[in-house]
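Please open the model in a viewer and keep the sequence at hand.

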Amino acid sequence: MAKDTKVENAGYGMLIDYKYCTGCHSCEVSCQERFGMPAGEFGIKLSQNGPWDHGNDNWEWNWVPIPTQKCDLCADRRAAGKKALCEQHCQAFVITVGKLEDLVKQMDEGGKEQVLFNRTNDVAPLKARY
Ligand code: SF4
Ligand code: SF4
C-alpha cells in the first residue's frame, strides 16, 4: 500500500518560473514514467498560452507546467536526498520543489513569470516505480 505523503509534504510546494520554459514536455514524460501512467494521465501537465498579438507586435506565448492531484512532490525521492524527477529533467531550471518559505524568497528575487503551488494538504498518494 502506498504511504501517505501528506506529512512529508507539510510546508512544501513547487515553484514554476516559466519564463524560459520551452514546452519540451520532459517534466510530463518523466513523471509519467515515474508512476507508469497510461497515456492521457499526468502528474504534471503543460498549459499553453498563445501565441497571439496583443497589438503593436506585443506577443503572448507562454508554456506553464501545472501539477495535478497525482503529484506527491516526489516525497520519497526528497527523503532520499534526491531532486524531484521533473525538476531533475528540466534543462531550463523552471521547476523547484522545496519548502514554501524558501520558495517565496526565491520568488521575490525572480521575475513576474512565476507561480507557486502549495501541495501541503492536497496529495493523492500513488505507488511510484522509481
Ligand atoms: S518545465 Fe522544463 S521540462 Fe517542463 S516543458 Fe518546460 S522546459 Fe520542458
Ligand atoms: S514532483 Fe514528482 S510527482 Fe510531482 S510532478 Fe514532479 S515528478 Fe511528478
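This is a predicted model: local features need pLDDT of at least 70, side-chain atom pairs count only at pLDDT 80 or more; totals for chains, interfaces and linings use all residues.

## First stop: helix α2

Begin by selecting Cys27, Cys31 and Arg34, the buried residues of α2. When the helix is viewed down its axis, these buried residues fall within an arc of 55°, and they therefore line one face of α2.

The buried residues of α2 pack against β2 (44-53), β3, α4 and β4. Then move to the residue that comes after the helix: α2 is followed by glycine 36, which has a positive phi, near 65°.

## Second stop: the two ligands

Select ligand 2 and show what lies around it. Which residues are the closest to ligand 2? They are Cys31, Gly43, Cys71, Cys74 and Cys86, and the surrounding residues number 14. Both α2 (26-35) and α4 (85-89) supply at least two residues of this shell. The largest share, three residues, comes from α2. Coloured by class, the shell around ligand 2 divides into ten nonpolar, two polar and two charged residues.

Now select ligand 1, which 15 residues surround; the closest are Cys21, Cys24, Cys27, Cys90 and Val94. The elements giving two or more residues to this shell are α2 and β3 (59-67). By class, the shell around ligand 1 holds ten nonpolar and five polar residues, with no charged ones. Cys27, among the closest to ligand 1, and Cys31, among the closest to ligand 2, were both selected at the first stop as buried residues of α2.

Select β1, β4 and β5 together. These three strands form an open sheet in the order β4-β1-β5, with antiparallel pairing. β4 and β5 stand at the edges with a single partner strand each, so one side of each is left without a neighbour in the sheet. On average, neighbouring strands of this sheet are turned by 20° against each other, direction ignored. Helix α5 (residues 100-108) packs on the sheet and touches β1, β4 and β5; its direction makes about 135° with that of β4.

Is strand β1 (residues 12-17) enclosed or open? Six of its six residues are buried, so β1 is largely enclosed by the rest of the structure. Tyr12, Met14 and Ile16 point one way from the strand, while Gly13, Leu15 and Asp17 point the other way.

Its pairings may be followed residue by residue. Five bridges join β1 to the antiparallel strand β4 (residues 95-99). Here isoleucine 16 stands opposite isoleucine 95, and glycine 13 stands opposite glycine 98. Five bridges also join β1 to β5 (residues 114-118), again running antiparallel. In β5, glutamine 114 is the bridge partner of aspartate 17.

## Last stop: the β2-β3 hairpin

Finally, select β2 and β3, which run antiparallel and are joined by eight bridges. One pair to display is aspartate 53 with its bridge partner in β3, tryptophan 59. The hairpin has five residues between the strands, and glycine 55 takes a positive phi near 120° in it. Of the ten residues of β2, the number buried is one, so β2 lies largely in the open, whereas β1 is largely enclosed.

Key:
Residues are numbered from 1 along each chain as its sequence is written. Chains are lettered from A and ligands numbered from 1 in the order in which they are written. A residue is near a molecule or strand if its C-beta atom, placed from the backbone, lies within 6 Å of it. Helices (H or I, at least four residues) and strands (E, at least two) are DSSP runs, numbered from the N terminus. Ala, Val, Leu, Ile, Met, Phe, Trp, Tyr, Cys and Pro count as nonpolar, Asp, Glu, Lys and Arg as charged, and the others, Gly among them, as polar. A residue is buried if 20 or more other C-beta atoms lie within 10 Å of its own, exposed if 12 or fewer, and partly exposed in between; C-beta atoms are placed from the backbone. Two strands pair if DSSP finds at least two bridges between them. The arc is that of the directions from the helix axis to the C-beta atoms. Two residues are in contact if their C-beta atoms, placed from the backbone, lie within 7 Å. Axes are lines fitted to C-alpha atoms, for helices over the stretch in contact, and angles run from 0 to 180 degrees between N-to-C directions.
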